[in-house]
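I open this notebook to record what I looked up, chain by chain and then across the contact. The entries follow the order in which I checked each point.

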Amino acid sequence: MNQQRRSLLKYSAVFGLMASAGLISVAQAQEWNKAAFEGKSLDDVFKILGAGSPDKSSAVTLNAPDIAENGAVVPVGIVTTLKAEQMAILVEKNPSALAAQFYIPAGTEPFVTTRIKMGQTSNVYALVKADGKWSMAVKEVKVTLGGCGG
Amino acid sequence: MSDPMRVRAAENGGIVDVKILMKHDMESGQRKDAAGKTIPAWHITTINVKANGKDVLNGQFGPAVSKDPFLNFKYKGAKGDKIVVSWVDSKGDKRTDEATAS
């Protein structure tokens, strides 16, 4: 029997066990979307997420500061009036555009806030998928001190 | 095992506001050490939040999320909901912490 198949079987057995033990949920068992997080440019990420070219929408609000003094900690929030299934935060000029992605199950408000790193002044994109369609909001955040280098 | 997370959950008018502070270095893979060698990326990849056993949020993080990631979201719930937060990082390390909505 070939080696790859063996290790695959072993992996699925381990994951199956973890899932049945309630340690990981089905969604977590889904692998981390490596391709999307390695996408360098906005267009790469849009393509991988299947977002095409999202329309700007006033229903999506991106809460971010105008000026971030410290690029290592930039508070960013997404709020929308749409029935969001997924949300994503992208930074145009970061080495990899996608910063974070969220799956919003029914019963959870379409509201997420987190903190991200920004290498330099850049446009920040908030993407929202609702009813199978992607919408977005854009805001430029000026960074005084970059958060990606040493 | 990594340091515990801080999880706060407060109910108000049928909406539970959850704030999570994870303890993680979130190495971006961009920084260099004193010898000029690139420090490899090491960051949380997936995060799952459950309330009373039901998923309320799933997230995926890239290395661009800040050190000691903070997360705030809201879901429809009640006082006393048992909230379980777990994350997995890019080295396969895991951490799970619990809180009760108040």
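**Conventions.** I note that this is a predicted model, in which local features need pLDDT of at least 70, side-chain atom pairs count only at pLDDT 80 or more, and totals for chains, interfaces and linings use all residues. Residues are numbered from 1 along each chain as its sequence is written, while chains are lettered from A and ligands numbered from 1 in the order in which they are written.

**Chain B.** I looked up the secondary structure, with helices (H or I, at least four residues) and strands (E, at least two) taken as DSSP runs numbered from the N terminus. Chain B has zero helices and seven strands. I found that its C-alpha atoms fill a box of roughly 55 × 20 × 20 Å along the principal axes. Of the 102 residues in chain B, 43% are buried; a residue is buried if 20 or more other C-beta atoms, placed from the backbone, lie within 10 Å of its own. I then took contacts (C-beta atoms, placed from the backbone, within 7 Å). Among those in chain B with a separation of 6 or more, 53% join residues 24 or more positions apart.

**The contact between chains.** I find 33 residues of chain A and 29 residues of chain B in the contact. On the chain B side, strand S3 (44–51), strand S4 (54–61) and strand S5 (70–76) each supply at least two residues. That side divides into twelve nonpolar, eleven polar and six charged residues; Ala, Val, Leu, Ile, Met, Phe, Trp, Tyr, Cys and Pro count as nonpolar, Asp, Glu, Lys and Arg as charged, and the others, Gly among them, as polar.

**Strand pairing.** Two strands pair if DSSP finds at least two bridges between them. I see strand S6 (residues 98–103) of chain A joined to S4(B) by four bridges, running antiparallel. Within this pair, A:Ala100 stands opposite B:Phe61. I also traced an open antiparallel sheet of six strands, in the order S2(A)-S4(A)-S7(A)-S5(B)-S2(B)-S1(B).

**Helix H4 of chain A.** In H4 (residues 42–49), I find A:Leu42, A:Val45, A:Phe46 and A:Leu49 buried. They lie on the same side of H4(A) because they cover an arc of only 100° around the axis, the arc being that of the directions from the helix axis to the C-beta atoms. The elements that cover these residues include helix H3 (34–38), strand S5 (84–91), S6 and strand S8 (122–130) of chain A. Just after H4(A), A:Gly50 takes a positive phi of about 75°.

**A:Ala126.** Not counting residues up to four places away in sequence, I find A:Ala126 touching A:Val60, A:Leu62, A:Ile78, A:Ile89, A:Met136 and A:Ala137.

Notes: Two residues are in contact if their C-beta atoms, placed from the backbone, lie within 7 Å. A residue is buried if 20 or more other C-beta atoms lie within 10 Å of its own, exposed if 12 or fewer, and partly exposed in between; C-beta atoms are placed from the backbone.
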